[in-house]
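Let's take a friendly walk through a protein model. Have a look at the fold, and keep the sequence at hand as you read.

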Amino acid sequence: MFKLLVIYISLLTCSPGEELYASYGHTAIRLQDTEAGINWCFNYGTFSFNASNFYWNFVKGETYYQLSVEPAEEFFADYAEEGREVYEQRLRLTDEQIVRMRDALLKNCLPENREYLYNFVFDNCATRPYCLIKEVMGEELPSSYEGWEGRTYRNFIRHYTRKNTVMDFLINMIFGYQADETMHGEQRLFLPEELMFYLSEVRLINGERLISEENIHPFAIKPVQWWENIYTYLLLAALLMVALGWLDARRGKMSVAFDIVLGVIYILLIAIVIFLTYFSIHPMVGWNWRLLVIPALWGVFRYGSYKLFTKKCKN
């Protein structure tokens with residue numbers, strides 16, 4: 001007698017964490033087999049800081065991630081300890097599709113298959129599960145969810161780095177013109193929250209929803225406090241340059257220490273952009289007009305200081 005499988009497969013979406021690499025959330029797949037007592041989470045976002053030459057490879061964009069498996073209880077406990085939510089969406093799959101998904105996950109866990117070259121935009125913890133779901137379903141997954149459709153990669157990413165924070169400012173400086181391209185359709189699904197809501201609105205060929213059960217909620221992005229805002233530091237830098245200009249005029253002598261410090265910072269920034277543009281495989285980095293912010297800020301206030309200085313000397 002034919003026996004129905006009692007296996008459930010779900011997409012898990014985790015809210016953002018405190019670390020930069022956790023700012024965008026996370027995606028995993030949960031496999032539950034009630035008869036076999038299996039309750040596993042398959043995680044495509046595993047990496048180790050202790051890996052050989054990790055930081056050097058990270059800078060070059062040659063970081064290898066891997067698919068790992070852990071009990072669901074441990075997975076949920078780890079995220080609860082970090083104060084992060086885990087949202088679950090159960091996939092509406094046939095028995096045949098469930099078997100194909102299970103077998104594909106187990107095959108991908110093999111030592112010779114588990115590693116892959118991570119790419120933040122095109123191949124990551126969110127795109128891998130989505131591609132696997134499409135492969136198992138054997139059909140396109142059109143969704144009525146619009147989300148960030150037609151918006152740029154830059155705006156999309158800055159939303160999660162918390163716009164106008166210091167880290168957002170630095171990341172925004174190294175993104176080139178490619179980041180200003182608009183996203184359409186599946187191009188948006190490299191970030192977990194967008195994938196979660198996209199799949200929630202998918203309708204299959206037979207008219208049914210892809211998701212049979214779900215518990216989802218928009219990510220809560222913490223507001224930016226004044227001490228985190230880059231404009232606070234830019235204002236302080238401008239006031240410092242004004243004060244230096246006033247002191248130079250009072251002393252009758254031009255100081256260059258601050259100019260040297262600012263110049264070194266700018267040279268280092270340019271060096272990083274050059275390296276990432278020509279010697280790494282990181283996507284979307286390169287030259288953009290935002291790199292002129294620092295010299296423009298310096299030029300405006302230094303010119304004012306110079307005029308003040310020369311006026312004082314004439315008097």
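## A bridge at the surface

Start with Glu-18, which counts as exposed because its relative accessibility is 67%, over the 50% cut-off. Keep in mind that this is a predicted model. The partner of Glu-18 is Lys-222: their side chains meet in a salt bridge, with 3.3 Å from N to O. Glu-18 sits in the loop between β1 and β2, while Lys-222 sits in the loop between β7 (211-215) and α8 (230-251), so the pair links distant parts of the chain, 204 residues apart. Lys-222 is partly exposed, with a relative accessible area of 45%.

## More bridges across the chain

How many salt bridges are there by the rule used here? The count comes to 15. One of them joins the side chains of Glu-213 and Arg-90, at 3.8 Å from N to O. Here strand β7 holds Glu-213 and strand β5 (residues 86-91) holds Arg-90, and the two residues are 123 apart in the chain. Glu-213 is partly exposed, at 49% relative accessibility.

Another salt bridge pairs Lys-134 with Glu-186, whose closest N and O atoms are 3.0 Å apart. Lys-134 belongs to helix α4, and Glu-186 to the loop between α6 (166-174) and α7, 52 residues away. Is Lys-134 buried or exposed? At 19% relative accessibility, Lys-134 counts as buried, because the cut-off is under 20%. Glu-186, at 36%, is partly exposed. Both residues also take part in a network of salt bridges that includes Glu-140.

Now turn to the nonpolar residues. In soluble globular proteins, nonpolar side chains tend to be buried together. The largest nonpolar core in this model has 33 residues, and Ile-133, Leu-199 and Leu-210 have the most contacts inside it. Two or more residues come from each of these elements: β1 (7-14), β2 (26-33), β3 (38-46), β4 (64-71), α3 (95-108), α4 (127-137) and α7 (192-200). The largest share, 5 residues, is given by α4.

Which residues does Leu-210 contact, leaving aside its neighbours within four places in sequence? They are Arg-90, Leu-91, Arg-92, Ile-133, Met-137, Leu-141, Leu-199, Val-202 and Leu-204. Arg-90 on this list is also the salt-bridge partner of Glu-213.

How values were computed: Residues numbered from 1 in each chain as written. Predicted model: local features only at pLDDT ≥ 70, side-chain atom pairs only at ≥ 80, totals over all residues. Heavy atoms only, no water. Core = buried A, V, L, I, M, F, W, Y, C linked by side-chain atoms within 4.5 Å. Buried < 20%, exposed > 50% of the residue type's maximum accessible area, 1.4 Å probe, protein only. Helix = DSSP H or I, 4+ residues; strand = E, 2+ residues; numbered from the N terminus. Contact = heavy atoms within 4.5 Å. Salt bridge = Lys/Arg side-chain N within 4 Å of Asp/Glu carboxyl O.
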